[in-house]
2 protein chains.
Amino acid sequence: MARQMIIGMHLGNGYGALPGAWRMPGVDPTSYTSFDAKVRQAQAAERGKLQFLFLPDGPSALSAEIEYEAPGFNLDVMMTLAAVARGTERIGMVATGSTTFNEPFNLARQFKALDIMSHGRAGWNAITSAGDDVAANYGVRIPSSADRYGRAHEVVQIVQALWGSWSKDAWVHDQASGQFAKSAEIAPINLGGKFVASRGPLYIPPSEQGQPVVFHAGGASANALALAGRYASAVIGAAFTIEDARAQRAAFRDAAERAGRDPDEIKFIPGLMTTIAPDKRAALDRRITLTERAFPQRAAYLQQMLGVRIDPARMGEPLSPDQLAAARPSSGDPRSTYALKIAREGWTLRDILAHGVIDYQPVVAGPPVEVADHMQHWFEAEAADGFWVAPDVYRDGLDDFVDGVVPILQQRGLFHLDYAGMTLRDHLGAPAQYGIDPRIMP
Amino acid sequence: MARQMIIGMHLGNGYGALPGAWRMPGVDPTSYTSFDAKVRQAQAAERGKLQFLFLPDGPSALSAEIEYEAPGFNLDVMMTLAAVARGTERIGMVATGSTTFNEPFNLARQFKALDIMSHGRAGWNAITSAGDDVAANYGVRIPSSADRYGRAHEVVQIVQALWGSWSKDAWVHDQASGQFAKSAEIAPINLGGKFVASRGPLYIPPSEQGQPVVFHAGGASANALALAGRYASAVIGAAFTIEDARAQRAAFRDAAERAGRDPDEIKFIPGLMTTIAPDKRAALDRRITLTERAFPQRAAYLQQMLGVRIDPARMGEPLSPDQLAAARPSSGDPRSTYALKIAREGWTLRDILAHGVIDYQPVVAGPPVEVADHMQHWFEAEAADGFWVAPDVYRDGLDDFVDGVVPILQQRGLFHLDYAGMTLRDHLGAPAQYGIDPRIMP
């Protein structure tokens, strides 16, 4: 069978990935605190046979934008996934859990409980927390990068060891004989390092997939490569251009190989923001509605990206021939080349910004086939093993993806017609693992 | 209206409070990992109009008894309650969360998320963890009692401050005006002490009850009294005798008064283990089936309690007149007087143990009216404001309590006929609170 792509869906604040989502017609403005809303969104993604949900997290300082915009995250990713686990049957669920500000015993226990609860559909996005604003919620300064990644290695190893602290068939629960478990096959782990330690065991037998799948989201720094290369089955990527994505994917595959693994065991999954509408004009208008509050600030930033003066009062006009002639893409921001390309196409300033030239992930704004084309292009160029998709507004943007884009990908043979297995490990083609991976060098 | 009792139900490992529960006829032996089973048990308690579920927790070392007995705890109390919150509508839910091995920001966030998810039905049993075996799961030695309680005070204050970090009407979510929240009414807390600190704010608006209710379970040590007296709306008590319960209740009420509170604001809720059967003989036989594996060890302990030699081979015989004449209740164990009283009634050694003379909580083994009588006696003697009930086996023991005991208490006017309110605060009669309680001295 030809290689097929993996698709995950961003599950965030209940509204959608764009700041204006909460105000859109038909959107329940209380979705931020509605677990029902999250469950319905997860069910829609499952209808589309998507392999997983991705819940980012990271308690940074609350922005003053709260006046106009919803926070980006879930109230609590694990509580959301507990609700979703009970409301879905097949879709995988991946939550971010910081290795910097959680105890490994607590992480191991809660993710394994989710894995049991979902019958083997849990994934842990093991990240390090950066930023003094996050650290301040824990009353500390952020540790150095070396210490954060040093701790991360220890935490992942301890968590995986705890996950494997019951042998696969230790749980007998034989009412006739009266043997509940094989006590000789449940062992402490007694694992510790410079930063953290734990004795174990956990109280939890294996799940249907053994134990949760490890993900990593953390750019392609040397530290992130080493961590993901060693432990991660999938990387939640951030790459704005296809070239960057291809380079990152290759780097993560190399890192896996250096850790003694088959590079096919690590999937590189960059993000994609979608605004789906019957045509380009309607899609741009929709993005304008959803993001225009930020346009004055973004126009100022675009000025830096292109190195020319831009008047934020002239939102309805294209850049002038003089401006375009003088513009030079900033080498400091890889999005600048794309911004200039769009500007040269003659779009108004408002439309240039609506194209998503200053978003964190690539934006496709257009009809479903354009989204499918983008995904196929990146996928076939080996820039991605799949995508995590952030719909602009869940209410209709998610359905438009599931009912519009997914069938095209399926028709082209790029996406599975249905789930073949039951667990997240099945969906990803991630090899069986239980406890610390014995194939990986110590 | 006359004072009525509060009843909570112990929700543990999915089987019941007694070690043999998992082997009983009709019990699903996989209930330990079944969230469906927990939800059904919660629904049964809700059918009985019980005010709350109580989920103890504390990851101590796994006992070698795992060979024959299920662990006592839930896989993860918060994941269990997330499932229960989605499967029930009125019953309160109280989980133990250690102040010793959790960060206040993480505790605050997850309990508040549960409070939102359950529409104001969450309670936090704020305890300190004791025992080097628990500490070993976190790679440390257990701190001194002074340090543990010192940290507990800081953690509770920070958690409560974080809970109140949005003003009550800060969340506007007005789609027409575009105001999501009043940013001026969401403030950092910047609270810290010797052990922990946090900047805040949380990302979470108030729940239907404002914020979760604080419980405390921790004996009646001076430290526990000071902590509970200051913060707790209810105490999960452990008292084997009515005299002890009356003394503890008075001590907690005094402690609340010393902290500047109305003593009626702290409810003392001791435990009660039930084995319900048509008559005493059937109830004792049921307890024998459920606990007899421990009888040899318990007979040895009974020997110490009574100060006479006891032959564990003679389980079917009463103590001899010589043994009874020589027996003296040990002053080291308050249960000894009761044990001697039962022994003097002429029960066999097996039946003496089956009476629960060495259990941690008072045991009532008999028909429903006996359970109701016990509860009424303690309640009217001001030894309790209510009870947390641990049925021996959830499968039938819980239904027997709900369908057998509850109607008797209702008939006697001792228990409400239905929930009057929607929130846990309503069910307990706990005063409204948001943020740190301003009535309590700093």
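A nonpolar core is a set of buried Ala, Val, Leu, Ile, Met, Phe, Trp, Tyr and Cys residues joined through side-chain atoms within 4.5 Å. In this predicted model, the largest such core has 310 residues. Leu302(A), Met375(A), Leu302(B) and Met375(B) are the members with the most contacts inside that core. In soluble globular proteins, nonpolar side chains tend to be buried together. Leaving aside residues up to four places away in sequence, Met375(B) touches Met5(B), Ile7(B), Leu272(B), Phe387(B), Val389(B), Phe401(B), Val405(B) and Leu409(B).

The overall form of chain A comes next. Chain A is built with 15 helices and 13 strands, and its C-alpha trace spans about 85 × 45 × 45 Å along the principal axes. For 442 residues, a compact globule would have a radius of gyration near 22 Å, and the 23 Å of chain A agrees with this. Buried residues make up 62% of the chain. Among contacts in chain A with a separation of 6 or more, 77% are between residues 24 or more positions apart.

An unreviewed UniProt entry places the feature "binding site" at Asp57(A), Thr96(A), Tyr149(A) and Ser221(A). Two of these can be followed in some detail here. Thr96(A) sits in strand β3, residues 92-98 of chain A. Its relative accessibility is 7%, so Thr96(A) counts as buried. Beyond residues up to four places away in sequence, Thr96(A) touches Phe54(A), Leu55(A), Pro56(A), Asp57(A), Val77(A), Asn125(A) and Ile127(A). One of these neighbours, Asp57(A), is itself among the annotated positions.

Ser221(A) belongs to the loop that runs between β9 (213-216) and α6 (222-231) of chain A. At 34% relative accessibility, Ser221(A) counts as partly exposed, because that class lies between the limits of 20% and 50%. The side chain of Ser221(A) also reaches the backbone nitrogen of Ala224(A), at 3.1 Å.

Helix α11 (residues 336-344) of chain B holds Tyr338(B), which is partly exposed, with a relative accessible area of 27%. Not counting residues up to four places away in sequence, Tyr338(B) touches Phe240(B), His355(B) and Val357(B). Gly356(B) is 18 residues from Tyr338(B) along the chain, and their C-alpha atoms are separated by 9.7 Å.

Notes: Residues are numbered from 1 along each chain as its sequence is written. Chains are lettered from A and ligands numbered from 1 in the order in which they are written. This is a predicted model: local features need pLDDT of at least 70, side-chain atom pairs count only at pLDDT 80 or more; totals for chains, interfaces and linings use all residues. Side-chain values use heavy atoms; hydrogens and water are left out. Buried means under 20% relative accessible area, exposed over 50%, partly exposed in between (1.4 Å probe, protein chains only). Contact means heavy atoms within 4.5 Å. UniProt positions are given in the numbering used here, feature names are shortened, and annotations may be inferred rather than shown by experiment. Helices (H or I, at least four residues) and strands (E, at least two) are DSSP runs, numbered from the N terminus. A polar contact is a pair of N or O atoms within 3.5 Å; within protein, one must be able to donate a hydrogen and the other to accept it, and residues adjacent in sequence count only if both atoms are side-chain atoms. The radius of gyration is taken over C-alpha atoms; the globule rule is 2.2 Å times the number of residues to the power 0.38.
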